[in-house]
Amino acid sequence: MQAPTPENCFYMSSSTMCIPYRLWPHQTLWGAAYADNIKRASFPEILQDDEALYNFLTELEEYGLLVLHDIPRKRGQIEILSEHVGFLKRTHYGNTFSVEQKIDANNLAYTFSTLNLHVDFPYITYVPGVQVLHCISQTTGEGGDNLLVDAFNAAYQLQKLHPHKFEVLTRVPVDFKDKGYEPKVNYEFHTRNQEPVIK
Ligand SMILES: [Fe+2]
């Protein structure tokens, strides 16, 4: 657990009071080394055992990223997990969506293109707090790797190294938009959001 201190807070409102910039008091920032000891939890266990579920949620809150194992390799498991913990937040792609190559793809995620580091759904305000990805079938060829980064740590490092650039990114609103048609829910969308890159 990491308590807020001047070292792990983005803003200091005074010399005595520390206000974390969207950091939870018990949030742990991580880097590349986390890949070697990433927190893991058993999918069947957290569905059956409330203590295991509590530990999973606590670690999720602390690290923001966990690996769940022993998930049945069939669709519908994300719904089971989400409804066991809370509820699904629907977007214009539906309650869930399948990341697979599609003809007339309406999102880069549905193509063969490499996806660099990014955040999802910056173009809507009703953003899911947690994203659950279920790998049902791994590619047998090259590719298919996940690239994940602790954006809080990136922001923290940026603030230390380039405080002015950090300040600009927390203050200047940027336009984000998403336009297209989602056949699964028969929904034509054109969403637009405006907010700073770091908030
Ligand atoms: Fe994404």
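L60 counts as partly exposed because 15 C-beta neighbours lie inside 10 Å; a residue is buried if 20 or more other C-beta atoms lie within 10 Å of its own, exposed if 12 or fewer, and partly exposed in between, with C-beta atoms placed from the backbone. L60 belongs to helix α2 (residues 50–63); helices (H or I, at least four residues) and strands (E, at least two) are DSSP runs, numbered from the N terminus. Between the C-alpha atoms of L60 and R40, which are 20 residues apart along the chain, the separation is 9.9 Å.

The model is predicted; local features need pLDDT of at least 70 and side-chain atom pairs count only at pLDDT 80 or more, while totals for chains, interfaces and linings use all residues. Residues are numbered from 1 along each chain as its sequence is written. The chain has a mean pLDDT of 86, with 87% of its residues at 70 or more; pLDDT is the predictor's confidence in each residue, from 0 to 100. In residues 12–20 the pLDDT falls below 50, and this stretch has 13 contacts in the model beyond near neighbours in sequence. Two residues are in contact if their C-beta atoms, placed from the backbone, lie within 7 Å. Where pLDDT is low, the predicted coordinates should not be read in detail.

The secondary structure consists of 5 helices and 6 strands. Along the sequence, these follow the pattern β-β-β-α-α-β-α-α-α-β-β. Of the 199 residues in the chain, 7% count as buried. Among contacts between residues at least 6 apart in sequence, 55% join residues at least 24 apart.

Strand β5 (residues 174–182) and strand β6 (residues 187–195) run antiparallel and are joined by 9 bridges; two strands pair if DSSP finds at least two bridges between them. Within this pairing, K179 has H190 of β6 as its bridge partner, and D178 stands opposite T191 of β6. In a regular strand the side chains alternate between the two faces of the sheet. The two strands, β5 and β6, form a hairpin with 4 residues between them. N186 lies in the loop between β5 and β6 and has a positive phi of about 50° although it is not a glycine. With 7 other C-beta atoms within 10 Å, N186 is exposed.

A positive phi also occurs at D70, which is not a glycine and has a value of about 60°. Most residues other than glycine have a negative phi, and most peptide bonds are trans. D70 is located in the loop between β4 (67–69) and α3, and counts as exposed because it has 10 C-beta neighbours inside 10 Å.

The loop between β4 and α3 also contains K74. K74 has 8 C-beta neighbours inside 10 Å and therefore counts as exposed. In sequence, K74 and H134 are 60 residues apart, whereas their C-alpha atoms are 9.2 Å apart in space. I136 is placed in the loop between α3 (77–85) and α4 (151–161). Not counting residues up to four places away in sequence, I136 touches R73, K74 and R75.

The axes of α4 and helix α5 (residues 163–171) come within 5 Å and cross at roughly 130°; axes are lines fitted to C-alpha atoms, for helices over the stretch in contact, and angles run from 0 to 180 degrees between N-to-C directions. That angle makes α4 oblique to α5, where under 35 degrees counts as roughly parallel, over 145 as roughly antiparallel, 65 to 115 as roughly perpendicular and the rest as oblique. In this contact, A155, L158 and Q159 of α4 meet P163, K165 and F166 of α5. By class, the residues comprise 4 nonpolar, 1 polar and 1 charged; Ala, Val, Leu, Ile, Met, Phe, Trp, Tyr, Cys and Pro count as nonpolar, Asp, Glu, Lys and Arg as charged, and the others, Gly among them, as polar.
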